[in-house]
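Hello again, notebook. Today I am sitting down with one model and jotting what I look up as I go.

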Amino acid sequence: MMSVQTLVDLNHFEVTYVQNLPDIVKEDVLNLALRNGKAQKCISNFLHPNIKNLHINESTISNDDLHNISRCKKIRSLQMNPPTQHQYNHCSLALKQLFTSLPQLVKLHVQRNQGVTDDVLAALTTHCPLLQELDVSGCHTLSDRSAVSLATLHNLQSANLSSTSIGDESLLAMADGVCSQTLTEVILNNCVNITDKSLNVLINKCCNLSILACGNCPKVSGDNHLGPGSDLGKNKKKQVTWTFYF
């Protein structure tokens, strides 16, 4: 049998060839091919029922690919971010079908995808109760309804909601939800609707929060969050960043 490197060098990505490879070899070929800028249009050819980690960033992912990925019910980590300065526009129905089919999902990165709506995120939180890490930055259609869904996740540790349309209602819901007991990292850069009021509540109620970023949030002054007597000081946050407006 040819080596993984040889398979990639020869662009042997046809389904008739790939389907006969052992599962572990399929994954090795796909990962190496993607690192070399190849196979972006052949994702489905490499899928198999036992795959647990699927990182297909900067690939050409069709709605049919999403349907095929939904058959891989053991996936625990899924990353499908578009190339820099680009965005995906998948069908919301295809995304809902995908997320309702991945009960073991722990980590999801799905940046800048206009198909990720409030309803899609609601389906995700309902069917993926083990989710610990979520990055939906740049999914502009997400509103406060999304965070209300996120607040119900018992295992959520990291949430990147940057460049979405969430506001104070989202942070208040998360602060009052069960996720407040597990969150350690919240990234809110370019969230233009959040204010000091909700941020203070989030800081006060998320006792394990160690990383908080809210850069380029024009309604966040930072005045109430700094200093040893502030909520940040009391909780000893390890990393805090935001942008000041004068």
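Where is the place of R112? I found R112 in the loop between β3 (107-109) and α6. Helices here are DSSP runs of H or I with at least four residues, strands are runs of E with at least two, and both are numbered from the N terminus.

**Ground rules**

I note that this is a predicted model, where local features need pLDDT of at least 70, side-chain atom pairs count only at pLDDT 80 or more, and totals for chains, interfaces and linings use all residues. Residues are numbered from 1 along each chain as its sequence is written, and side-chain values use heavy atoms, with hydrogens and water left out.

**Entry: the chain as a whole**

I looked up the secondary structure and got ten helices and eight strands for the protein chain. Of its 246 residues, 49% are buried. For accessibility I use relative accessible area: buried is under 20%, exposed is over 50%, and partly exposed is in between, with a 1.4 Å probe and protein chains only. Contact means heavy atoms within 4.5 Å. Taking the contacts between residues at least 6 apart in sequence, I see that 70% join residues at least 24 apart.

R112 has a relative accessible area of 23%, so I file it as partly exposed.

Q85 goes on the page too, with a phi near 70°, again positive in a residue other than glycine. Q85 sits in the loop between β2 (77-79) and α5. Its relative accessibility is 74%, so Q85 counts as exposed.

**Entry: α5 against α6**

At what angle do helix α5 and helix α6 pack? I read about 5° for α5 (residues 92-99) and α6 (residues 118-127), with their axes 8 Å apart. That makes the two helices roughly parallel. My cut-offs are under 35 degrees for roughly parallel, over 145 for roughly antiparallel, 65 to 115 for roughly perpendicular, and oblique for the rest. The axes are lines fitted to C-alpha atoms, for helices over the stretch in contact, and the angles run from 0 to 180 degrees between N-to-C directions.

On the α5 side I listed S92, L95, K96 and F99, which meet D119, V120, A123, L124 and H127 of α6. By class, this contact of α5 with α6 has five nonpolar, two polar and two charged residues. Nonpolar covers Ala, Val, Leu, Ile, Met, Phe, Trp, Tyr, Cys and Pro; charged covers Asp, Glu, Lys and Arg; the others, Gly among them, are polar.

Which residues of α6 are buried? I wrote down D118, V120, L121, A123, L124 and T125. Their cover includes α5, β3, β4 (133-135) and α7.

**Entry: α8 against α9**

Helix α8 (residues 168-176) packs on helix α9 (residues 196-205) at about 15°, and their axes are 8 Å apart. I therefore call α8 and α9 roughly parallel. The contact brings D168, L171, L172, M174, A175 and D176 of α8 to S198, L199, V201, L202 and K205 of α9. I sorted the residues of this contact into seven nonpolar, one polar and three charged.

**Entry: salt bridges**

How many salt bridges does the count come to? I get two, where a salt bridge is a side-chain nitrogen of Lys or Arg within 4 Å of a carboxyl oxygen of Asp or Glu.

One pairs R145 with D119, the closest N and O atoms being 2.6 Å apart. R145 lies in helix α7 (residues 144-150) and D119 in helix α6, so this pair ties together parts 26 residues apart in sequence. D119 has 41% relative accessibility, so I log it as partly exposed.

K205 and D176 also meet in a salt bridge, at 2.5 Å, N to O. This pair links helix α9, where K205 lies, to helix α8, where D176 lies, across 29 residues. K205 is partly exposed at 38% relative accessibility, whereas D176 is exposed at 56%.

**Entry: near the start of the chain**

Last stop is Q5, in helix α1 (residues 4-9). Q5 is partly exposed, at 37% relative accessibility. Q5 and A33 are 28 residues apart in sequence, and I find 8.6 Å between their C-alpha atoms.
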